[in-house]
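Subject: Handing over the two-chain model

Hi there,

Here is the structure I promised to send over. Please have it open while you read, and my notes follow below.

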Amino acid sequence: MPEIAVTEPAIAVENLKKIYKAGTAVAGISFALRAGSITALLGGNGAGKTTTIAMIMGLVAPTEGRVSVLGTDMAQNRHSVLHRMNFESPYVDMPMRLTVRQNLRVFGNLYGIPDVRGRIGELANDLDLNEFLDRPTGKLSAGQKTRVSLAKALLNRPEVLLLDEPTASLDPDTADWIRTRLEDYRAAHGATILLASHNMGEVERLCERVIMMKRGVIEDDDTPQNLLAKYGRKNLEEVFLDIARGRGVASEAAQ
Amino acid sequence: MTTPNPAIAFSPRRIGAMVLRYWYLMRSSWPRLLELIYWPMVQMLMWGFLQSYVTENATFFARAGGTFIGAVLLWDLLFRGQLGFSISFLEEMWARNMGNLMMSPLRPAEFVIALMAMSLVRLAIGMVPVTLVAMWFFQFNVYSLGFALAAFFLNLILTSWSVGIVVSGVVLRNGMGAEGLAWTIMFLLLPLTCVYYPVATLPYALQIVAWALPPTYVFEGMRALLIEHTFRADLMAWALVLNVVYFAGAVAAFLKLLESARRQGSLMQTGE
């Protein structure tokens with residue numbers, strides 16, 4: 001079970017900035033995520049979602065600001081908390097020549113899992129991997145690869161799970177199947193999940209909070225229901241378009 | 001294997017996991033295994049036949065029997081040691097797996113130790129058959145060098161790791177555009193470390209450069225052993241001192257380059 005106090009945010013981001021030579025990717029954002037919540041980070045291409053997630057993971061060093069995960073400052077002490085978090089991203093792959101079982105065994109050992117074989121067996125059942133557990137990872141379909149990436153992300157039963165477009169390029173059936181597994185995992189383990197997605201249906205179904213980003217800043221931050229009411233829209237896709245095209249909230253639009 | 005606290009600073013289990021990862025990869029691909037043996041074998045045969053020819057036609061080389069084959073075997077040890085380290089590292093870049101590793105509890109020091117271990121595994125697979133063929137074809141038994149061989153090996157492998165560590169850091173920081181360094185950088189040392197000729201052959205200015213490089217001491221030591229039948233412990237001690245300095249410098253450079261890669265966002269990229 002999570003080792004954190006109920007009141008402490010699982011992820012806290014304070015005045016986070018990332019400035020590259022080519023320009024500003026993230027321009028000073030702040031938010032805190034409640035433990036056990038599922039939050040979406042939304043925004044168009046280049047909004048700063050992936051950079052924000054990479055800074056939370058510690059893969060990218062912030063230019064300014066602070067990231068704290070499970071009470072640990074990621075800049076100072078990330079290695080003390082990495083075994084309690086995990087991630088999935090389309091920007092990384094698992095070694096293709098290794099079989100699914102071999103990959104999961106390697107990562108199981110990296111994450112210090114006590115009974116790696118048993119855990120792989122559990123995940124193979126939960127995520128329906130048994131059929132291709134001994135097949136090279138590179139020979140799997142996109143949907144199968146996503147399931148394997150999810151298995152890797154859940155290997156250590158993370159308290160914090162970061163997902164960058166977890167259902168991108170999947171057919172609707174597989175995508176729905178993945179969402180159900182994520183809901184089940186959160187319900188069973190009380191994990192905090194932050195996901196970046198372009199799929200608004202996914203966000204409406206999974207997330208209790210939506211952080212809308214545009215050009216490196218947070219444009220809005222609320223529950224899906226409140227965003228729909230605020231913008232006077234029927235679905236999040238319309239809200240997304242309003243924000244992306246700078247149309248503002250419903251009251252402003254009326255004026 | 002034991003189950004350590006994943007948050008601890010150093011974990012043999014995590015190092016073992018990485019070695020296992022590379023072992024799985026090597027086992028799954030016969031071209032990878034063949035590549036380990038192929039070029040050292042070609043080199044050894046070519047220099048071995050050349051040596052056989054010149055020893056039959058020159059009295060000095062008749063006395064210096066084995067120096068060519070000895071040099072080529074030790075050079076391959078140096079070159080293959082670095083290549084074994086760097087290729088294991090590059091496998092992660094080619095597989096787009098670096099983000100997974102950097103986000104896992106694996107520490108940079110553990111990653112480097114795993115790469116060093118794989119460099120030894122790859123060397124053993126590549127070089128042992130070649131040394132056996134050298135015994136059979138040219139009656140050159142490198143193992144008869146005994147303790148001296150251990151001293152040569154230690155110094156050469158330390159140099160190869162230092163170079164491998166720096167190259168890996170540069171690739172991490174600058175992307176796959178720097179991959180070529182892994183294949184070519186060691187050839188800079190080929191003329192400067194006097195693999196096939198004495199240091200005295202070089203112009204004076206280059207002799208100073210040569211004596212700043214640990215492998216030079218090893219190749220001079222090998223010639224002293226094979227020609228004069230003298231083990232030069234002083235040369236090995238100097239090489240070791242230089243190696244310790246270079247290895248520490250290489251680790252510091254790797255950590256700096258890793259930090260720089262984090263600042264530049266290079267760990268999320270795997271392209272050029």
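A salt bridge here is a side-chain nitrogen of Lys or Arg within 4 Å of a carboxyl oxygen of Asp or Glu. By that rule, one salt bridge is counted between chain A and chain B: the side chains of Arg96(B) and Asp93(A) meet, at 2.9 Å from N to O.

Some housekeeping before the rest. This is a predicted model, in which local features need pLDDT of at least 70 and side-chain atom pairs count only at pLDDT 80 or more, while totals for chains, interfaces and linings use all residues. Residues are numbered from 1 along each chain as its sequence is written, chains are lettered from A and ligands numbered from 1 in the order in which they are written, and side-chain values use heavy atoms, with hydrogens and water left out.

The interface

Taking contact as heavy atoms within 4.5 Å, 39 residues of chain A touch 35 residues of chain B. About 3400 Å² is buried between the two chains, with carbon and sulfur atoms giving 60%; buried area is the accessible area (1.4 Å probe) that two parts lose on being put together, summed over both. Of the area that chain A buries against chain B, Leu59(A), His79(A) and Leu110(A) supply 21%, more than any other three residues.

There are also 11 residue pairs in polar contact across this interface (both at pLDDT 80 or more). A polar contact is a pair of N or O atoms within 3.5 Å; within protein, one must be able to donate a hydrogen and the other to accept it, and residues adjacent in sequence count only if both atoms are side-chain atoms.

Which elements of chain A each supply at least two residues of the side that touches chain B? They are β1 (11-20), α1 (49-57), β6 (85-88) and α3 (100-110), where helices (H or I, at least four residues) and strands (E, at least two) are DSSP runs numbered from the N terminus. The largest share, seven residues, comes from α3(A).

Salt bridges within the chains

Over all chains, the search finds 26 salt bridges. For the burial of their partners, buried means under 20% relative accessible area, exposed over 50%, and partly exposed in between (1.4 Å probe, protein chains only).

In chain A, Glu64(A) pairs with Lys17(A), their closest N and O atoms being 3.5 Å apart. Glu64(A) lies in strand β4 (residues 64-69) and Lys17(A) in strand β1, so this pair ties together parts that are 47 residues apart in sequence. Glu64(A) is partly exposed at 39%, and Lys17(A) is partly exposed at 25%.

Arg119(A) and Glu122(A) form another salt bridge, with closest N and O atoms 2.8 Å apart. Both lie in helix α4 (residues 116-126) of chain A, three residues apart, about one turn of the helix. Arg119(A) counts as buried at 6%, whereas Glu122(A) is partly exposed at 37%.

In chain B, the side chains of Glu110(B) and Arg14(B) meet at 2.7 Å, N to O. Glu110(B) is in helix α6 and Arg14(B) in helix α1 (residues 12-27), so the pair ties together parts that are 96 residues apart in sequence. Both Glu110(B) and Arg14(B) are buried.

Two loop residues

Arg215(A) has a positive phi, near 50°. Arg215(A) sits in the loop between β9 (209-214) and β10 (217-222) of chain A, and is exposed at 69%. Gln139(B) has a positive phi as well, near 55°, in the loop between α6 (108-138) and α7 (147-174) of chain B.

Best wishes
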